[in-house]
Amino acid sequence: MIPIPTLEQADRKTIQRFQEEKLRQFLAYLQAHSAFYQKLFTAHRIDIRTVKTLEDLARLPFTTKEDLQHKNMEFRCVDAAQAADYVTTSGTSGDPVLLALTDKDLDRLAYNESLSYQCMGMAAGETVQLTTTMDRRFMAGLAYFLGARKAGMGVVRVGSGVPELQWDTIARINPQVIVCVPSFLLKMVEFAEANGIDYRRSSVKKALCIGEPIRNPDFSPNALASRIQGKWDIALFSTYASTEMGTAFTECVHGVGGHHHPELIITEFVDEDDNPIPYGEAGELVVTTLGVEGMPLLRFKTGDIVQPHYEPCACGRTTLRLGPVIGRKNQMVKYKGTTLYPPALFDLLNDMEEVENYVIEIANDEFGEDEITVKVGAKDGSEELLLKIKDRFRAKLRVSPRIIFVSIQEINCIRFPENSRKSVTLFDHRK
Ligand SMILES: [Zn+2]
């Protein structure tokens, strides 16, 4: 087993002192190399020598996604000759942002993802099957590859989709872990059942689940996870990451939130008005990257609403743990007096066996109010099913969105737009 870094088992004060030392070095680096932050410090008359503690950090301005989009090149701290790899963000909201990674950044990325495998209890010599895209300027696939190598693990890069090729690979190579979007596991089970593959006895015992939540806020398995494990009882590990952070928060075997790696990132949590939230409550995650050379970020607002948990974990780590993403700040829906986030809608639909696939559209109605339309693909698009879905929405979420049946194929076309690296489930047309 790969050992837990000492810092992740240290007391809070030790971790804080470590981060404050890193923060001072980081600010000096920005002052010397980042056109964006040089301007920002001048404009706000910030003397970085006065920023010494994590408390001081909270006096500095935030960096937003719009800053990154509009002044992308100003964030870059190295010239083209030092770039080892280029990636872009997935661009789910607005233009994708370009990041250049240096050789050291790739090492950092490898270290970061080796910690994910470490959290999952993986060991050197084991093999991981990657079902993520390795190309298309995607960071994650590369990160999982580099991290596995750093951890002494072997990798087989199958790429996304094609259940047949996934099972063929599992049969030939016997990987212990698969990295995938969790709903894809259901597709794999479906294929296995249709083709007489004894999937329950396959070599795969663990899945690193990306892109979709698998837990409720109390860490119990959500509908999607229950559906997967009802069929195929493998250990599911949630991970939360983004290209901008270049950092992942992955669960350990106790499944109580993604572990924070304090060497890599400083976390803060703020409310709707950008004030720090009370200790332990859910808020928008704000991050400051540590050890990044190419495009480091100071107080970057992720837009993700998450809840931090501070009690030490049974695995021995004392670092904070992040609960599942409750929603994206800009995707909050105000619906007839109820506030909700799309993941709650996804969870409800994932829980219904009759629902083959779906997409959700949010738009403004003629009065400027939020309006939700759920397009459902089902083998049996009957009136009874429609009523059942409506009842479920009313009972669980106290909302009654417009529900329409669309063919399963059509929804697949909508969900996988050309040039997209990920499937899209939510379309937000609001102004
Ligand atoms: Zn743990």
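These legends go with a handful of close-up views of a predicted model. Residues count from 1 along each chain as its sequence is written, and side-chain values rest on heavy atoms, with hydrogens and water left out. Because the model is predicted, local features need pLDDT of at least 70 and side-chain atom pairs count only at pLDDT 80 or more, while totals for chains, interfaces and linings use all residues.

View 1. C252 and C313 are both buried (buried is under 20% relative accessible area, exposed over 50%, and partly exposed in between, with a 1.4 Å probe and protein chains only). As for the element names, helices (H or I, at least four residues) and strands (E, at least two) are DSSP runs numbered from the N terminus.

**View 2. Helix α5 against helix α6.** Two packed helices are described by the angle between their axes and the distance between the axes. For α5 (residues 103-119) and α6 (residues 139-150), the axes come within 7 Å and cross at roughly 75 degrees. The axes are lines fitted to C-alpha atoms over the stretch in contact, and angles run from 0 to 180 degrees between N-to-C directions. That is why α5 and α6 are roughly perpendicular (the label covers 65 to 115 degrees). On the α5 side you'll find L106, L109, A110, Y111, E113, S114 and Y117; on the α6 side, M139, L142, A143, Y144, L146, G147, A148 and K150. Contact here means heavy atoms within 4.5 Å. By type, the residues of this contact split into 11 nonpolar, 2 polar and 2 charged. In this scheme Ala, Val, Leu, Ile, Met, Phe, Trp, Tyr, Cys and Pro are nonpolar, Asp, Glu, Lys and Arg are charged, and the others, Gly among them, are polar.

**View 3. C209 in strand β6.** Strand β6 spans residues 206-209, and C209 belongs to it. C209 has a relative accessible area of 0%, so it counts as buried. Leaving out residues up to four places away in sequence, C209 touches C180, P182, I214, L236, F237, S238 and T239.

**View 4. G377 in strand β19.** G377 is part of β19 (residues 370-378) and is buried, again by a relative accessible area of 0%. Not counting residues up to four places away in sequence, the contacts of G377 are E354, V355, E356, N357, V406, I408 and I411. V359 is 18 residues from G377 along the chain, with 8.8 Å between their C-alpha atoms.

**View 5. M352 in its loop.** M352 lies between α10 (342-350) and β18 (355-364). Despite the loop setting, M352 is buried at a relative accessible area of 1%. Setting aside neighbours within four places in sequence, M352 contacts R227, K388, I389 and R392.

**View 6. D274 and R398, with positive phi.** Most residues other than glycine have a negative phi. D274 has a phi near 70 degrees, and R398 has one of about 55 degrees. D274 is in the loop between β10 (265-270) and β11 (283-289) and is partly exposed at 29% relative accessibility. R398 is in the loop between α11 (383-397) and β20 (402-405), where it counts as exposed at 66%.

**View 7. R17 on helix α1.** R17 belongs to α1 (residues 12-33) and counts as exposed, with 52% relative accessibility. T132 is 115 residues from R17 along the chain, and their C-alpha atoms are 37 Å apart.

Conventions
Parallel < 35°, antiparallel > 145°, perpendicular 65-115°, else oblique.
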